Amino acid sequence: MDKFDDLLRRFEDLNEIGAALSNERNIEALLEKILLAAKAITHADGGTLYRTDESGEHLRFEIMRTDSIGIAMGGTSGKRIVFPPLPLHLPGGQPNLSMVAAYCALNRCTVNIADAYAAEGFDFSGTRAFDARTGYRSTSFLTVPMMNHEGRVIGVLQLINAVNPVSGVVGVFSDSDRRLAESLASQAAIALTNRQLVSQLEALFESFITLINNAIDEKSPYTGGHCQRVPTLTMMLAEAVNDTTEGPLADFTMTDADRYELKIAGLLHDCGKVTTPVHVVDKATKLQTIFDRIQLVNTRFELIRRDIELATLRRQMALGPDTTSAARARIERDGADLLNEVEGDRAFLRQANIGSERMSDADVERVHAIARRWSWTDAQGARHPCLSADEVENLTIRAGTLTGAEREIINYHIVLTIRMLESLPWPRHLTNVPEYAGGHHERMDGKGYPRGLTREQMSVQARVMGIADIFEALTAKDRPYKRPMKLSEALHILGKFRLNGHIDPDLFDVFVRQQVYLRYAETYLDPEQIDDVNLSAIPGYAVN
């Protein structure tokens with residue numbers, strides 16, 4: 001092969017390398033590709049890639065390779081580079097022009113040295129020490145700056161020992177080597193800058209998402225952790241499904257881009273809660289608004305007790321002097337019986353207000369009876385029922401602490417989440433975020449909300465998030481209105497949801513079979529929540 005053919009081939013290689021660099025998302029892998037490509041097109045035996053640090057005052061070793069003596073450090077080698085970074089300025093502030101890599105960066109120029117041992121003006125004492133330790137002979141050096149679109153040096157590419165591809169003799173880097181290396185350095189700087197900009201934008205975007213979640217945190221300390229835990233559990237289950245090689249989910253796979261898209265959806269799945277009123281989100285008892293109105297009810301019952309005691313005393317005072325002691329005792333006993341009934345009803349309302357147990361028909365009727373029976377007198381002598389109509393409505397909530405209207409307010413957060421996410425101009429690799437995030441309250445049987453989607457109308461990712469959202473809520477230990485469930489309890493409920501069409505049965509099987517629930521529990525649940533799980537006792541789960 002003559003020189004022209006060799007140069008033509010290397011130009012073709014350069015074009016292919018440029019295309020490959022533009023497609024690489026991982027910065028570490030990108031740096032390694034840059035150095036290996038530079039070595040290949042210049043026939044260099046060794047090379048080092050430096051990057052400027054955040055301060056712009058040092059060159060940090062990133063990748064080192066020397067083929068003839070088997071040196072591979074940094075990148076995918078698994079060996080960490082222990083050399084300290086090269087300072088671009090000396091302690092007194094003068095430019096460090098004695099180090100060739102620093103000189104290249106400071107002057108933004110290529111340095112081509114035929115023989116390091118004969119070069120003047122540069123300090124190669126470190127190179128000689130390296131050669132003495134390894135038996136290597138560092139001869140030719142080609143050092144090229146990598147500059148971004150702003151003209152700022154972001155790295156330095158240094159190639160060592162140009163090897164003749166035919167004879168194997170170490171020679172000098174030629175002008176064509178220099179031009180090819182400079183061209184590659186330019187393309188590499190563009191690729192690296194683009195990747196850094198994308199990474200910075202992604203970091204900024206994720207920070208903005210965290211900002212939203214922190215705002216929800218500040219509004220409600222009881223659900224803020226939910227916004228962080230659900231994405232984690234979502235990714236754990238999605239990875240378990242990705243690893244599944246048998247069954248109906250065996251064809252599901254995720255790329256790195258798919259993972260990032262699902263991660264973002266998980267982080268944003270409850271962003272609509274930023275507008276949900278705090279007194280609804282944090283409603284720990286049935287009568288809670290900005291405060292727990294059970295205290296008002298207590299005060300009224302104290303007034304009712306006062307009225308009973310006064311009425312008892314007035315009846316006794318109204319008795320004539322000839323009244324028997326038995327009659328007086330009967331009046332006192334009647335008053336005491338009423339006070340006991342008042343206390344019994346007040347204790348019942350306190351318990352009903354907690355909302356920890358489901359209300360029976362008898363319990364609901366008792367609340368109405370109490371509201372009809374007892375009344376209190378204000379300072380003007382007007383009579384008022386012990387419970388307002390709104391308090392009766394809240395105290396007769398069958399389960400939990402929310403009325404139907406309040407539940408609608410809570411449920412509206414998912415409508416707003418979808419509306420917010422669908423209004424954003426998502427890039428192509430994130431177009432599914434609204435669908436993934438907006439589907440976690442849907443059911444497989446079409447009875448969910450807000451759109452009433454069925455299993456066939458939902459992606460696997462949205463169905464995964466539905467299970468993660470429910471399991472986190474069941475086991476959460478920071479909710480004021482419920483105790484955190486043990487694993488066995490939460491899985492029992494999920495099993496019922498599997499049977500009644502609430503959650504995806506195949507995903508639930510993966511969730512249990514691959515012990516996703518246990519790996520999550522070991523990080524996020526209290527030790528007393530992690531009990532022994534009898535898989536055969538989980539409804540609808542077939543133990544293999």
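**Entry 1: helix α13**

I began with α13 in this predicted model and asked which of its residues are buried. My list reads Glu406, Ile410, Asn411, His413, Ile414, Leu416, Thr417, Ile418 and Leu421. I then looked up what covers these buried residues, and found α7 (256-268), α8 (278-281), α12 (389-395) and α14 (433-438) among the elements that do.

I also checked the length of α13, which runs over residues 404-422. Its 19 residues should span 27 Å at 1.5 Å a residue, and the end C-alpha atoms are 27 Å apart, so the two values agree. A reminder to myself: an α-helix has 3.6 residues a turn, so residues three or four places apart point the same way.

**Entry 2: the second largest pocket**

Next I turned to the second largest pocket, and noted a volume of about 620 Å³. I found 27 residues lining this pocket, with Tyr50, Phe61, Gly126, Thr127 and Phe130 the closest to its centre. Two or more lining residues come from each of β1 (44-52), β2 (58-66), α3 (100-107), α4 (125-134) and β7 (153-163). Which element gives the most to the lining? I found that α4 does, with five residues. Sorting the lining by class gave me 16 nonpolar, eight polar and three charged residues.

**Entry 3: Gly168**

Last, I looked up Gly168, which sits in the loop between β7 and β8 (170-171). Its relative accessible area is 43%, so I wrote Gly168 down as partly exposed. I also compared positions: Gly168 and Met147 are 21 residues apart along the chain, and their C-alpha atoms are separated by 32 Å.

Methods. Residues numbered from 1 in each chain as written. Predicted model: local features only at pLDDT ≥ 70, side-chain atom pairs only at ≥ 80, totals over all residues. Heavy atoms only, no water. 1 Å grid on protein atoms, 1.4 Å probe; cavity = no way out; pocket = protein on both sides within 12 Å on 5 of 7 lines; lining within 4 Å. Points joined across faces, edges and corners; volume = space filled by probe spheres on them. Helix = DSSP H or I, 4+ residues; strand = E, 2+ residues; numbered from the N terminus. Nonpolar A, V, L, I, M, F, W, Y, C, P; charged D, E, K, R; others polar. Buried < 20%, exposed > 50% of the residue type's maximum accessible area, 1.4 Å probe, protein only. Expected span 1.5 Å × (residues − 1). Contact = heavy atoms within 4.5 Å.
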